[in-house]
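Have the sequence and the 3D view ready, and let's walk through them together.

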Amino acid sequence: MVETAELSFAAPPAAAALCCAVPEAAAADTALAPAAVETRALGVTHAGRPLLRGIDLRVEDRRVLALVGPSGAGKTTLLSCLNRMIELAPGIRQEGEVFLFGESIARRDADAVRREVGMLFQQPVIFPGSIADNVLFGLRHAGIAPRASFPERLERALGEAALWDEVKDRLREPAASLSVGQQQRLCLARALAVEPRVLLLDEPTSALDPRSTVAIEERIREIAKSRAIVLVTHSLGQARRVADQLACLDRRDGPGGPAGELFECGPCRERLDRPQSRELARFLESERA
Amino acid sequence: MGKWLGRGFLFSSALCALAVLAVLSIALGEIAGRGLPAFDLAFFTDPSAGAGYDGGVLFEILGTLILIGTALAASLPLAIGLALAATIYLPRPGLRRGALSALYAANAVPSVLIGIGGFIVFVHGLGWGKSWLGGGLLLGLMILPAEAVALIERIEALPRRYLDAAYGLGLTRGQVARSVVLRQSLGGLFSGALLGLARAAGETAPILFAAAVFSGAGIPRGLKESPVLALPYHIFVLAQDSFSPAGERHLWGAALVLLLLVASLSLIALPARLRAHEESRHG
Amino acid sequence: MKLAAHRSAAGAERRGRRPDVLRLAAFGFSAIAIAAFVGLVAVFAVEAWPFFRAQGISGLFGIRWSFRSGRFGALPMIYGSLAVSLISVALAAPIGLGAAVFLSEVLPRRARIAAKVGVELLAGIPSVVYGLLGVLLLRDAVARLLRPFDPISGDTLATGGLLLAAMILPTVVSLGDDALAAIPSSQRRAARALGLGKAETILRVVVPAALPGLGSALLLGLGRALGETIAVFLVIGRQDNQWPERLMALEPLARAGQTVTSKLGGSETFLAYGDPIHWGALLALGLLLLAVVAVLSFAGSWVSLRRVPRG
């Protein structure tokens, strides 16, 4: 299932092109490995109206892919396809395939897929209970580790989320007593506790203050050293700071109506400076304004 | 939790829903099946006869209608007053919780106690004897809390911007109440009133002591010693004795009439209630 | 800014512009309504006073009720009320809450609306009609079922419990569904995204979060069961002084009995009016019922209104 990596050149045709380019620096070791996440001709319709069309996306392991584009383009929809959360919405039809490390996720157990592909939402979602309860929540049901290892995993997950020092003395306190920034890091720890191989972040810092934002961005770089990350973000600065790859989604007219399509994919900083598609260039313009 | 345990749980919840559906179907099916044979024009237009087991239920229906009409007239102004007082004229936060708790408690008062209260106050205290007005007032008292709650919840569901815009224009609270709040929440009042009427139509205990007799009454004249017949009481009395098969058919027919009356009142209110309910449900 | 606008409106009124007729009417009507309910309680208290003065409240806690000999022991009735109500809650709680879970979490939107309509229909069936169903259908079925206990007829406490269970079922389902539906869907989404399955999400996230509302549903169902008169009256046999030898046994449930409400709704109430002590005893019983139902109702409200109300 190895897709030949294609370096995309200048030509700006906006058709859904194969994506993404292998980053120059690591071409050697990733060229022959299956991508962490790969979609082929992925399309989504809801009650007959198309939401996504013909998405061919490739996310490399141990890299951060920033997914940008105007509101309503379908970024969250795309993200939900990667961990089969899209199936929970009624009236959704999906076509095309999504592969996780070479295996089609449609053929696997959905719950197992969601353990391997973690997700963080825009607003931190805290379960009633203590901080420790929250972090261990997914772990308790995953059945991947013996209870005895929980305390150690708790510390590790909180450490990865850079929250351990702040909460280590109050693990039994209700999670609701944390600030919003801390809650989001708690959600990150909770997602990390089940040891996902891919992490999907849907605008994780848009509800946070600048200081928490910086903290989370630092964590993303750290976490990416052992996982693949897809980051939906509205902030180009964040993409520049954090991401290796950049993909741009925008709506384009087509059979059935306008739907989200992938317009550009490549090394992040390079494309931010020299966009190769009209759509990305237009998006960058509108964001700068 | 294992996959099969999870599926078992969902399956058993489906069984529970099925059980509830079964209870509903059996109840409605039996009433309809046994009551329909009694239906003919005479059933609705003839007064009851033959110790109550023969004839129709004309005056029972009329009596019930008189009672619930009185209940509506008595309860609506009070319910509106309570709702306005709780939401517009005294909108302190602690008061809301207290008011709603009190209204829920008032709604839970067993109807037999309201009936006995009426026995003391209307039948003996005021010397009315068994009177349609006493019964109507008691029923009105019984449905008053539910109407008030329905109206309060509807008022609180109004978008704040309506109120803010009106106050910002300099309207007094009374003007706001009249022109904005009441007009927008009439739907809630309407459905609350209909549901109250549906409940009042079916209640036996409040009218048992103070308003209803089993026979010997028609259209009431005057206030004192002017009881009425009523469907629930009719059924209640008949159900306590043994009877012939024909009498049994009459009994089921009366029950079906009552059920249809209650159901139609509830169903009219349904669209408004469903709309309001789905609006407030989280996604 | 909004508060300031409201306050200035109130201030303008207070500064003596034209008196607000609607405000007067609202307060006036509220006063009437409150006075009516308070008056009800007061009337009961006043009429029950002769009994309290003669026998005190402990007069009600005897085993024998015989008004001719001046004994008003209501324990058998209290036992009857509790037995019948607890049976009904024991039956209606699992079935009703299970159905509520199905309604709220499993059914697709349109089916859920249809189901809620059905539940409302069930809730609207008058108690006298349930009583009729009990008399003409349930009674014989129970008599057949309880043959091992050798009942005299189908009029038993168990029959009352079964009938009440059917009557409070819609209350439990509807309130339970409301409680579950109030949990935001973001909680469910977050749990599913962690890899929890549907059933696990319901049991570990939704139900625990909705426990206050579910508990309140059961409390209110119990209150309704305790206060129900007509249906219970028709199927319970109305036998006084059925005090069981062993409280926790099943056998007394297969016999006829009496509840507080079936006593109050019966003909003895009419007859007792002239005798202050007898009448007072019955009203004292009514006050006891009122107190218990009020406590249950306030407990249910406290449990479910505990969160800061929106807006």
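Arg53(A) is buried, because 25 other C-beta atoms lie within 10 Å. Here "buried" means 20 or more other C-beta atoms within 10 Å of a residue's own, "exposed" means 12 or fewer, and "partly exposed" is in between, with C-beta atoms placed from the backbone. Before going on, note that this is a predicted model, where local features need pLDDT of at least 70, side-chain atom pairs count only at pLDDT 80 or more, and totals for chains, interfaces and linings use all residues. Residues are numbered from 1 along each chain as its sequence is written, while chains are lettered from A and ligands numbered from 1 in the order in which they are written.

Back to Arg53(A): you'll find this residue in strand β2 (residues 49–55) of chain A. Helices (H or I, at least four residues) and strands (E, at least two) are DSSP runs, numbered from the N terminus. Which residues does Arg53(A) touch, not counting those up to four places away in sequence? They are Gly43(A), Gly254(A), Ala259(A), Gly260(A) and Glu261(A), where contact means that the C-beta atoms, placed from the backbone, lie within 7 Å. Now look across to Gly91(A), which is 38 residues from Arg53(A) along the chain; their C-alpha atoms are separated by 17 Å.

Next, a pair of helices in chain A. Helix α7 (residues 180–193) and helix α8 (residues 210–223) of chain A pack at an angle of about 20°, with their axes 9 Å apart. The axes are lines fitted to C-alpha atoms, for helices over the stretch in contact, and angles run from 0 to 180 degrees between N-to-C directions. On the α7(A) side, the contact is made by Gly181(A), Gln184(A), Arg185(A) and Leu188(A). α8(A) brings Arg211(A), Ser212(A), Ala215(A), Ile216(A) and Arg219(A). By class, this contact has 3 nonpolar, 3 polar and 3 charged residues. Ala, Val, Leu, Ile, Met, Phe, Trp, Tyr, Cys and Pro count as nonpolar, Asp, Glu, Lys and Arg as charged, and the others, Gly among them, as polar.

Now for the core. The largest nonpolar core has 282 residues, and those touching the most other members are Ile229(A), Leu231(A), Leu67(B), Ile235(B) and Ala255(B). Such a core is a set of buried Ala, Val, Leu, Ile, Met, Phe, Trp, Tyr and Cys residues joined through C-beta atoms within 7 Å. Helix α3 (residues 58–89) of chain B gives the most to this core, with 17 residues. Leaving aside neighbours within four places in sequence, Leu231(A) has contacts that include Val64(A), Leu201(A) and Val242(A).

Finally, turn to chain C. Chain C holds 12 helices and 2 strands, and 54% of its 311 residues are buried. Its C-alpha trace spans about 70 × 65 × 30 Å along the principal axes.

How many residues does chain C put into its contact with chain B? Chain C gives 79 residues and chain B gives 77. Helix α2 (residues 21–55) of chain C gives the most to the chain C side, with 16 residues. That side has 52 nonpolar, 19 polar and 8 charged residues. The contact between chains C and A takes 14 residues from chain C and 20 residues from chain A. Here α7(C) gives the most to the chain C side, with 5 residues.

Notes: Two residues are in contact if their C-beta atoms, placed from the backbone, lie within 7 Å.
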